[in-house]
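Biologist: I would like to learn how to read a ligand site and its aromatic rings. Can we go through one example?

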Amino acid sequence: MAHKLHIKTYGCQMNVYDSARMADVLAPLGFVPVDEPDAADMVILNTCHIREKAAEKVYSELGRLNRLKAARRRDGDRLILAVAGCVAQAEGAEMVRRAPYVDMVFGPQTYHRLPEMVARAARAGAVVLDTDFPEDSKFDRLPAPAAAGPTAFLTVQEGCDRFCTFCVVPYTRGAEVSRPAADVLDEARRLVAQGVREITLLGQNVNSYHGAAADGTAWSLARLIEGLAALPGLERIRYTTSHPADVTDDLIAAHRHVPHLMPYLHLPVQSGSDRVLTAMNRRHGADDYRRLVERLRAARPDLALSSDFIVGFPGETDDDFADTLALVEDVGFAQAYSFKFSARPGTPAAAMDGQVPEPEKQQRLAVLQDRLQRQQAAFNQTCVGRVMPVLLDGRGRRSGQLVGRSPYMQAVHVEAPDDVLGTVAPLRIVAAHANSLAAEAAIEDTVPARACA
Ligand code: SAH
Ligand code: SF4
Ligand code: F3S
């Protein structure tokens, strides 16, 4: 009998990938994905612990779902409530105490055990709790992923050994592990066979990738990218997230000679102050970042950059913040995310002296976001009039409208027939909005395959 499964995903792209893998592993048990929780037999919240707000959202959602569960029980039905992801990993038994009505709480490294966990939850009244870091890799036991459209995520590396002092990821995802190169190539081949044209390689620190290869060596991320570029049918490759201190010479060179590699890089810097970067344990200075960007741009002159920033890190002064603004001016970002520092339980920064008061964080965030938004708008404006190859991967809100992604990850809207869906089409950008571009089909057919004309 078919069971309805609703998965709600919070957090980063890896959680998006993981949610799809959970659906894959539950499909043989008869679970069919549904968009709304109301009719579901099982709801999985795939959670994020990165900032307090993200983690707290989970509890308000759980409260709502508990009411749904009670209503279903009155009708004689059962709703299985499950919590996966980084909050489940971080809180484990604590979550069971705080929300005793949940049926399952399990961490990111246990997803291959889901069929067995579901069977236990269906039988017993007791909560199923699994926050192990198992010896066997989930990747060896999860079924091959099913593609959903022309773009796909592919996790190549998981966990982190860098221990930035503000960050929970090394605790929630565990130690850094790279998947063997052959497994990654296999998964990519299967995705391409299903029509995937663009793959984004995922890892918490993806450029530390060192996957075992058949010849007994370890492949770097650059070598892996070269291997993927050789797959017929795969047109575009991206990777995220990178740590500036782990950008190697061969990766910079790949940006020069692998045309599949999109000219857009998310390279979080967090701060422009050396003092703050040291306290964050980032292991690079602001000028190291500037030099790195120069080298990347020398390799790929049309490279656009995206970044992450934290304002109000403990001890951050007005001068430190001014250094961040100076770095923003110097580099020029096409897009960026910025956050107020959130003290996370168990991380060194949470216990540091000099916690910055909330109003100051708020004010710095507003100033920084204003600068970043202006840079984004200016960058989008430079695209007007250019012809870009756009991977059309969905339908727009209006009928006859398709949406896609430019090489620089901008959303692009265009009036176009359905038969170009799933292809890379040359489009002339005619207008720039705050968060998207409008385009028309280009007359020229001499557009370069992978970058801006
Ligand atoms: N692996 C990525 C970061 C993943 S978390 C990297 O190394 O860059 C995504 C972003 O969330 C981080 O880059 C950081 O800017 C932000 N972040 C992480 N912990 C945070 C905290 N405690 N408070 C505020 N922002 C945080
Ligand atoms: Fe967190 Fe990224 Fe630092 Fe790892 S490198 S600890 S994931 S911010
Ligand atoms: Fe959040 Fe975990 Fe990703 S904490 S950002 S879901 S690795």
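Modeller: This is a predicted model. Strand S15 (304-311) and strand S16 (335-340) each contribute at least two residues to the shell around ligand 1.

Biologist: Which residues come nearest to ligand 1?

Modeller: The shell has 15 residues, and Phe166, Gln204, Gln270, Asp308 and Ser342 come nearest. Sorted by class, six are nonpolar, four polar and five charged.

Biologist: Which atoms of Gln204 and Gln270 lie by ligand 1?

Modeller: Polar contacts are read from pairs of N or O atoms within 3.5 Å. For Gln204, a backbone N or O atom is 2.6 Å from a nitrogen atom of the ligand. Gln270 instead places a polar side-chain atom 2.7 Å from a ligand oxygen atom. An N or O atom in the side chain of Arg51 is 3.0 Å from an oxygen atom of ligand 1. Of the 540 Å² of accessible area that ligand 1 has on its own, the protein covers 89%.

Biologist: What does Arg51 lie over?

Modeller: Arg51 lies over the face of Phe339, 3.6 Å from the ring centre. Likewise, the charged end of Arg223 sits over the ring of Trp219, at 4.0 Å from its centre.

Biologist: How many aromatic pairs does the structure hold?

Modeller: There are six aromatic pairs. One of them, Phe106 with Tyr111, is edge-to-face, with 5.8 Å centre to centre and 90° between the planes. Ring pairs also link Phe166, Phe313 and Phe341 into a cluster.

Biologist: Are Phe106 and Tyr111 buried or exposed?

Modeller: Both are buried. Phe163 and Tyr171 form another edge-to-face pair, at 5.6 Å and 75°. Phe163 counts as partly exposed because its relative accessible area is 37%, between the limits of 20% and 50%. Tyr171, at 38%, is also partly exposed.

Note on methods
Residues numbered from 1 in each chain as written. Chains lettered and ligands numbered in written order. Predicted model: local features only at pLDDT ≥ 70, side-chain atom pairs only at ≥ 80, totals over all residues. Heavy atoms only, no water. Phe/Tyr/Trp six-rings, centres within 6.5 Å; stacked < 30°, edge-to-face > 60°. Buried < 20%, exposed > 50% of the residue type's maximum accessible area, 1.4 Å probe, protein only. Lys NZ or Arg CZ within 6 Å of the ring centre and 35° of its normal. Near = heavy atom within 4 Å. Polar contact = N/O pair within 3.5 Å; in protein donor to acceptor, adjacent residues only side chain to side chain. Areas by Shrake-Rupley, 256 points an atom, 1.4 Å probe, with all protein chains shown as cover. Helix = DSSP H or I, 4+ residues; strand = E, 2+ residues; numbered from the N terminus. Nonpolar A, V, L, I, M, F, W, Y, C, P; charged D, E, K, R; others polar.
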